[in-house]
Amino acid sequence: QVIPNSFTGCSTILVCNGNRSMVTSLGASGSMDCKTWDSPDVLKLFSKAKVIILANFFIRSSEKIALYIALECLQRKIPLALGLSSSAAIETDTWPTLKQIFKMATIVFGNKEEIISMAKKLDFIDNSCDEKIDLCKI
């Protein structure tokens, strides 16, 4: 959505020793709905995008729009980055949507706990794996 003289969102990300922490304002994403997400103004932004980032927190509040955006990226061959947001967010009722978007994502990022949680949920690793697992092996 285009909100004149406003940011669409803003985030600060700190990374240290393989862990990251985010503070984010969702901005315009809080006002998106299925009726207006594909307006000409929004779709024009896709033509300029080098990558689209979807965070799991957004998926939890706007599942349909998140799927539409992921499909639009797939159709236009725009890389889709999926931010896992939190381990708790992975374990919600939006899991089927998150799993579908994961399959379309070019890049998946999160901290170690989130990556391990996602890998367990996808059966990439056994549930008994501990936190000392080498993320490169997932």
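Here is a short chat about a predicted model, going through its sheet, a surface patch and its salt bridges.

Student: In what order do the 3 strands of the open sheet come?
Tutor: Start with the edges: E3 and strand E5 (107-109) each have a single partner strand, so one side of each is left without a neighbour in the sheet. The pairing is parallel, and the order is E3-E4-E5.

Student: How many bridges join strand E4 to E5?
Tutor: Let's look at one pairing to begin with: leucine 82 has valine 108 in E5 as its bridge partner. E4 covers residues 80-83 and runs parallel to E5. The number of bridges joining E4 to E5 is 3.

Student: Which helix lies across E3, E4 and E5?
Tutor: Look for a helix made of residues 95-104. Its direction is at about 140 degrees to E4. That's helix H5.

Student: Is isoleucine 53 buried or exposed?
Tutor: You'll find isoleucine 53 in strand E3, which spans residues 52-55. Together with Val51 and Ile107, Ile53 forms a nonpolar patch on the surface, with about 260 Å² of accessible area for the three together. The cut-off for exposed is over 50% relative accessible area. Isoleucine 53 has 57% relative accessibility, so the word for it is exposed.

Student: Which residue forms a salt bridge with glutamate 72?
Tutor: Side chains of opposite charge can pair when their charged atoms come close. The closest N and O atoms are 2.6 Å apart, and the partner of glutamate 72 is arginine 76.

Student: Is glutamate 72 buried or exposed?
Tutor: For glutamate 72 the relative accessible area is 14%. Buried means under 20%, so that's the side of the cut-off to check. Glutamate 72 is therefore buried.

Student: How far apart are the closest N and O atoms in the salt bridge of glutamate 91 with lysine 121?
Tutor: A search of the whole structure finds 2 salt bridges, and this pair is one of them. Glutamate 91 is partly exposed at 48% relative accessible area, and lysine 121 is partly exposed too, at 31%. The closest N and O atoms of the pair are apart by 3.8 Å.

Student: How many residues apart in sequence are the parts that glutamate 91 and lysine 121 tie together?
Tutor: Glutamate 91 lies in the loop between helix H4 (87-90) and H5. Lysine 121 belongs to helix H6 (residues 112-121), so the pair ties together parts whose separation in sequence is 30 residues.

Methods
Residues are numbered from 1 along each chain as its sequence is written. This is a predicted model: local features need pLDDT of at least 70, side-chain atom pairs count only at pLDDT 80 or more; totals for chains, interfaces and linings use all residues. Side-chain values use heavy atoms; hydrogens and water are left out. Patches are made of residues with over 30% relative accessible area and no salt bridge: like charges are joined within 9 Å, nonpolar side chains (Val, Leu, Ile, Met, Phe, Trp, Tyr) within 5 Å. Accessible areas come from the Shrake-Rupley method with a 1.4 Å probe; for residues, only the protein chains shown count as cover. A salt bridge is a side-chain nitrogen of Lys or Arg within 4 Å of a carboxyl oxygen of Asp or Glu. Helices (H or I, at least four residues) and strands (E, at least two) are DSSP runs, numbered from the N terminus. Buried means under 20% relative accessible area, exposed over 50%, partly exposed in between (1.4 Å probe, protein chains only). Two strands pair if DSSP finds at least two bridges between them. Contact means heavy atoms within 4.5 Å. Axes are lines fitted to C-alpha atoms, for helices over the stretch in contact, and angles run from 0 to 180 degrees between N-to-C directions.
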